[in-house]
Amino acid sequence: MTPSLERLAELVRQAEAKSRAKKLGAETQQAAEQFRTAEVRANRAAQRLREVRPVRLRELEQAEIDEQHLKELVRKLAQYKSALDSDADPENLIADAQTEIERKKREAQAEIESVSRESDEARRELRTAMDHYQQLRRELDRLQPQLADKFSNEDRLLWDAEMHFPGGQFQTLAREVEASLNYFGMLGKLEQYAQLKIWIGRFRMHQAANDGEMTEDNQALSQRTFHQLKTLSKQYEPGYIEAFRHDFHTDWTAYVAEAQEQLLLATETARRSKDWEQQRQESQARDLERQQLNRESGLAALEELKALMARTALPDEGVEEFLTQLKQVVSGLGASDPAVLELVMPYREVISGGNGLRALRRNLDRIRQEESKDDDTLQERYEDLISATQGLRVLMIGGSVREDVRRTLQRLFEFDKLDWEPYEDAKPAMLDSIERRVRNHGVDLVLILKSFIGHHVPERLRPLCEQQGIPCLMVERGYGPTQVGETLRRGLLKSA
């Protein structure tokens, strides 16, 4: 364009702007008011259509059911007419029923047509108002752009108004589905199922309402949205949804409304489940903390109980103090703690009372019964040893003391007493004490656990035992009844 032509065009634009300036603002304002009014009417018509149509469709369905029922009754009446009372008047009842059914069908159909027609008219009026407003807005932007801010609310309303038309509906649905891709996998199965039903129901509803106003771009968008919904359904498999079938047809407004109710129910169920799980975890955490505190308290009480038992000659004295302290131990560690059971087993007969002691006594009795069953089998196996071991005062040295094993050995071989000195305590002072017991004949038999003790212990004790005439036997492996029994058989029976 030449400079002269450009200047001429600018003069024309300015002249046109001055000529239109006085009218354009007022016309645009009037068009905006008409647009807002049309949008309100379209909203009301759409709301009425959503409310009335499902109700009236259900009435039509019920009328069809009533009509079929009436035909069935008429057929049966023809069969049993001879059995009717003489004063019966079935013909009038049939006519009245037919009239009532037809009246309901006419009323329902008429109101459906009325609200549909009202919705269509409101949408046409809205489209006309939108086109007129948009035309004036474009002109306003060209001639008087400084006035554009006055119509910002109407400009935003245009996006909402597009929802009344298939193109806008598909765009809104597409944006909603696209935005859900990041969180859809975090929904529960029931929530995913209901949400997919809502989306595919809306898709089919918009598709059915398409009146030819969709552009090629919106058609491509609708296909892309449909494939996204199918992908979500295949990926997460929330359940079979028949609305994905092209040959499935229904009242889509009612279908979406039902799915929305399902989503509300599923969301509420998921919320309650989440709240319950959170409460369960919080309760579990509190229980664990309480158990930890109880255990710490119980362990401290257990140490005090051990100290009490060490300085008290149970069961001849200190029983009440023993039971009081034992209650604190059981309160913290429970009545089935292995360390507690092993510690108090020798004093089972004096344990009685409440606060967990009754349960502790039952557990001790159960252990005793189980041990007795095992003892019966073992006693048959080592019956030949009893004559040689019965009544002996025995000292066993090495390893770590296992009270349950010590009790079993003492019962099985009918020792009068079985003392078990652990290897951790096999120090010079302890060995000196053992030697004094041997010299004073405070023991009748010494058992040394070879696998759990140093070579210096048998080197010191075996010669002394031989001088004093006290058997000193080496248990080659372990310390169970079998290993000890075989050692006793080799050492005592052979000696005998």
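## A helix pair

Helix 7 crosses helix 8 in a left-handed way (the near helix is turned anticlockwise from the far one by less than a right angle). Helices here are DSSP runs of H or I with at least four residues, and strands are E runs of at least two, numbered from the N terminus. This is a predicted model, where local features need pLDDT of at least 70, side-chain atom pairs count only at pLDDT 80 or more, and totals for chains, interfaces and linings use all residues. Residues are numbered from 1 along each chain as its sequence is written, and side-chain values use heavy atoms, with hydrogens and water left out.

Helix 7 (residues 252-311) packs on helix 8 (residues 319-333) at about 155°, with the axes 7 Å apart. Axes are lines fitted to C-alpha atoms, for helices over the stretch in contact, and angles run from 0 to 180 degrees between N-to-C directions. The two helices are therefore roughly antiparallel (over 145 degrees).

An open sheet has 4 strands in the order 2-1-3-4, with parallel pairing (two strands pair if DSSP finds at least two bridges between them). Strand 2 (417-421) and strand 4 (472-475) are at the edges with a single partner strand each, so one side of each lacks a neighbour in the sheet.

Strand 1 (residues 393-397) and strand 3 (residues 445-449) pair over 4 bridges. Ile397 sits opposite Ile448 in strand 3.

## Helices on the sheet

Helix 13 (residues 428-439) lies across strand 1, strand 2 and strand 3, at about 155° to strand 2. Helix 14 (residues 456-468) touches strand 1, strand 3 and strand 4, contact meaning heavy atoms within 4.5 Å.

Conventions
Angles under 35 degrees count as roughly parallel, over 145 as roughly antiparallel, 65 to 115 as roughly perpendicular and the rest as oblique.
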